[in-house]
Amino acid sequence: MQFIDQAEVQVQAGNGGDGLVAFRREKYVPAGGPSGGNGGRGGSVIFRAVENLQTLLDFRYNHLFKADDGQRGGPNNRTGAAGHDRIIDVPCGTMIYDAETGELLGDLVEPNQTFCVAKGGKGGLGNQHFLSNRNRAPERALPGLPGEARFLRMELKLLAEVGIIGLPNAGKSTLIAALSAARPKIADYPFTTLVPNLGVVRKPTGDGTVFADIPGLIEGAHMGTGLGHDFLRHVERTRLLLHLIDVTSPDPIADYHTIQQELHAYGRGLTERPQLLALSKLDAMSQETEAIDDLAAQLHALSHVPVFQISAVARIGLEPLLNQIWQSLDELQAEELEAETLNNSLEPLDLNAIAPTPLNI
């Protein structure tokens, strides 16, 4: 399946139905009078987030989405049928922008979350609404209002608990393949991974955690160099970053600084995101344990975060790394719950609800 994370579409809500000019002509109703019904409302265009989609591929070839128009009002004060809403399924994590102004309209994160991007037009009034003492037989009805039309830009930011980052060929795809059922393309040349890969890693408790393998970043990624400009956005949604550093690199310390500088230059709070470091491809340097230990100590002194030594191919050091990931995610969840509880407890004081205390004179 082709991965598409940006798309532009045009949406058109349905027009409201016209009101009707009609009069009653019934045998035993001598008064008669106007009986034109109102037009039905037009259908709206609604986006709905679903879990079983991971790409915006459906919007690459279909750029126009239109809802049904409302029906014209009927006689005997019958309102026309409303137009059916057009419900469009999008992946969780889809951000919706106005393509002309750049304004963020909606951010669909939760499954089954909906957002109305174009509202249907109201139906026109029938001639029954224009009956008055001066005009007992109005021959006037209003047309339905047009539905909203918009040009939208959609941007997908994958939802993952853990984002695996690093320079090209750092072993990110190999690691996610070893931890999950994902089967990304793996080869011994840079930029093997051209799109993000998602994998579900099972916790000891049995529930799954989504890991994202972010395509390799290089120097200047935040300005569009390489693939990083296209895929750095997917790191924004992650709660924890796992930075892989290739121990076979000529200068692993410089590799560490390169990625950190790109995260800092890109901004959007990525440098404040909790991180773990892992030295990958340990099996290729099995005879140089002292040098690897010294490198791990240097990286720990630079980053002040835990540094692990792993080999995804030989499955060395994966269990301690996963245990630390689960512990870090639990701590983050506890901090978020505590902050939410604190915010709920600090509700504004309603001074109007406080009864004044009587003065004893």
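In this predicted model, the axes of helix α4 (residues 252–266) and helix α5 (residues 289–303) come within 10 Å and cross at roughly 30°. Angles under 35 degrees count as roughly parallel, so α4 is roughly parallel to α5. Their crossing is right-handed. On the α4 side, Pro-252, Ile-253, Tyr-256 and His-257 make the contact. On the α5 side, Leu-295, Gln-298, Leu-299, Leu-302 and Ser-303 take part. By class, the residues of this contact are six nonpolar, three polar and no charged.

Now the sheet. Five strands form an open sheet with mixed pairing, in the order β3-β1-β8-β5-β6. Its edges are β3 (64–66) and β6 (104–108), each of which pairs on one side only. On average, neighbouring strands are turned by 25° against each other, direction ignored.

Strand β8 (residues 149–156) pairs with β1 and also with β5. Both pairings are set out here.

| Strand | Partner | Sense | Bridges |
|---|---|---|---|
| β1 (residues 6–12) | β8 (residues 149–156) | antiparallel | seven bridges |
| β5 (residues 94–98) | β8 | antiparallel | five bridges |

Gln-12 stands opposite Ala-149 in β8. Val-9 stands opposite Leu-152 in β8. Leu-152 is also the bridge partner of Asp-98.

Methods. Residues numbered from 1 in each chain as written. Predicted model: local features only at pLDDT ≥ 70, side-chain atom pairs only at ≥ 80, totals over all residues. Heavy atoms only, no water. Axes fitted to C-alpha atoms, helices over the stretch in contact; angles between N-to-C directions. Helix = DSSP H or I, 4+ residues; strand = E, 2+ residues; numbered from the N terminus. Parallel < 35°, antiparallel > 145°, perpendicular 65-115°, else oblique. Left-handed = near helix turned anticlockwise from the far one by under 90°. Contact = heavy atoms within 4.5 Å. Nonpolar A, V, L, I, M, F, W, Y, C, P; charged D, E, K, R; others polar. Pairing = 2+ DSSP bridges.
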